[in-house]
Amino acid sequence: MKKQDLRIVFMGTPEFAVQSLKLLVDGGYNVVAVVTQPDKPVGRHGSTLQAPAVKQYALSKSIPVLQPERMKDEKFLAQLRAFNAHLQVVVAFRMLPKQVWDMPAFGTFNVHAALLPQYRGAAPINWAVINGETETGVTTFFLDENIDTGRIIDYKRLAIPDDANVEWVYDHLMRLGAELCIETVDRILQQDGKLETIQQPEDQPLKHAPKIFKETCQIDWNLPVKRIYDFIRGLSPYPGAWTEIAKKDEQENNKPQVLKIYSANKTQMPAKADPGTFVVEANRLYICTADNLLELQEIQMAGKKRMSSRDFLNGTREANSFHAISR
């Protein structure tokens, strides 16, 4: 079968998935339809609907788009079946029922932003950085009944620099994942869907990547500086690590303010006060952790714009009087 004859349905939602879809379209592959999430209400009152990035790109290329509320909806299943796909490609989408992933003759494969079986779940890129990993990657695998457990087709590795935040890793994995997506489709074509795959090993301790919520992002200042440093860069720039700060004499009066921290530097300078204590030295802003000082670089007070810690100090004469509250 030639690539022009291989009927592909692509499933994905965010920008991360667009790069894979774009390479398929630009490469002359026959993408017959796109499945993505429903448009999302945005704005203060939710009165405006915003189309997913994948939908915007698909419409610009005149590719039919399906946006089911429920993946088991009979009307959606009938529409999907009518496209007669040989293969379904999933990148950053949602869990699919068997009626969907088992539909095409060549199966359904997923591009996952981690080296499986590690970091199964919704936020693999964030958790790899949060946990201080020095390497991650992308994996393609065929879907089965469970989340991210199917047989592995192939993978590519990516080194994580010590100063990289999640945005840097996201961008590199987006491009790497798109390359692997094309290579995987080509392998399926060359072998007429009968390619060899690898069972995921289950005999090793697994690190998981659950969905991240607001409360997940609160900093625990009782941890060592390296753990906090990795935590901050693993959530930067979105959704952002945060802490509550209050003046030392006001902590019992319940007047904390939320402070987001987007970038910081770990230091070898010993912390000589309780974790969470602000320290100002030579016009630099630090916070005490369980062992060393963490230097803050880019921060944002609630209701204000992001700023450098130097600008914060220039506008706050009492920085030494603040204390960060651990969760």
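**Close-up views of a predicted model**

**View 1. Charged side chains lie over two aromatic rings.** Lys214 lies over the face of Trp242, at 5.9 Å from the ring centre. Over the ring of Tyr262 sits the charged end of Arg306, 3.9 Å from the centre of that ring. A charge sits over a ring if NZ of Lys or CZ of Arg is within 6 Å of the ring centre and within 35 degrees of the ring normal. The model is predicted, so local features need pLDDT of at least 70 and side-chain atom pairs count only at pLDDT 80 or more, while totals for chains, interfaces and linings use all residues. Residues are numbered from 1 along each chain as its sequence is written, and side-chain values use heavy atoms, with hydrogens and water left out.

**View 2. Phe16 and Tyr170 form an edge-to-face aromatic pair.** Rings of Phe, Tyr and Trp (its six-membered ring) pair if their centres lie within 6.5 Å; planes under 30 degrees apart count as stacked, over 60 as edge-to-face and the rest as tilted. The count by this rule is two aromatic pairs. In the pair of Phe16 and Tyr170, the centres are 5.2 Å apart and the planes make 70°. Because Phe16 lies in helix H1 (residues 15-26) and Tyr170 in helix H6, the pair ties together parts that are 154 residues apart in sequence. Helices (H or I, at least four residues) and strands (E, at least two) are DSSP runs, numbered from the N terminus. Phe16 is buried, at 7% relative accessible area, and Tyr170 is partly exposed, at 24%. Buried means under 20% relative accessible area, exposed over 50%, and partly exposed in between (1.4 Å probe, protein chains only).

**View 3. Phe278 and Phe322 form a tilted aromatic pair.** Their ring centres are 6.1 Å apart, with 50° between the planes. Phe278 belongs to strand E12 (residues 278-281) and Phe322 to strand E16 (residues 322-325), so the pair ties together parts 44 residues apart in sequence. Phe278 is buried, with a relative accessible area of 2%; Phe322 is buried too, at 7%.

**View 4. Phe10 is part of the largest nonpolar core.** A nonpolar core is a set of buried Ala, Val, Leu, Ile, Met, Phe, Trp, Tyr and Cys residues joined through side-chain atoms within 4.5 Å. This core has 77 residues, of which Phe10, Phe109 and Val185 touch the most other members. Helix H6 (residues 166-190) gives the largest share, 11 residues. Contact means heavy atoms within 4.5 Å. Not counting residues up to four places away in sequence, Phe10 touches residues including Ala17, Leu21, Val54 and Val91.
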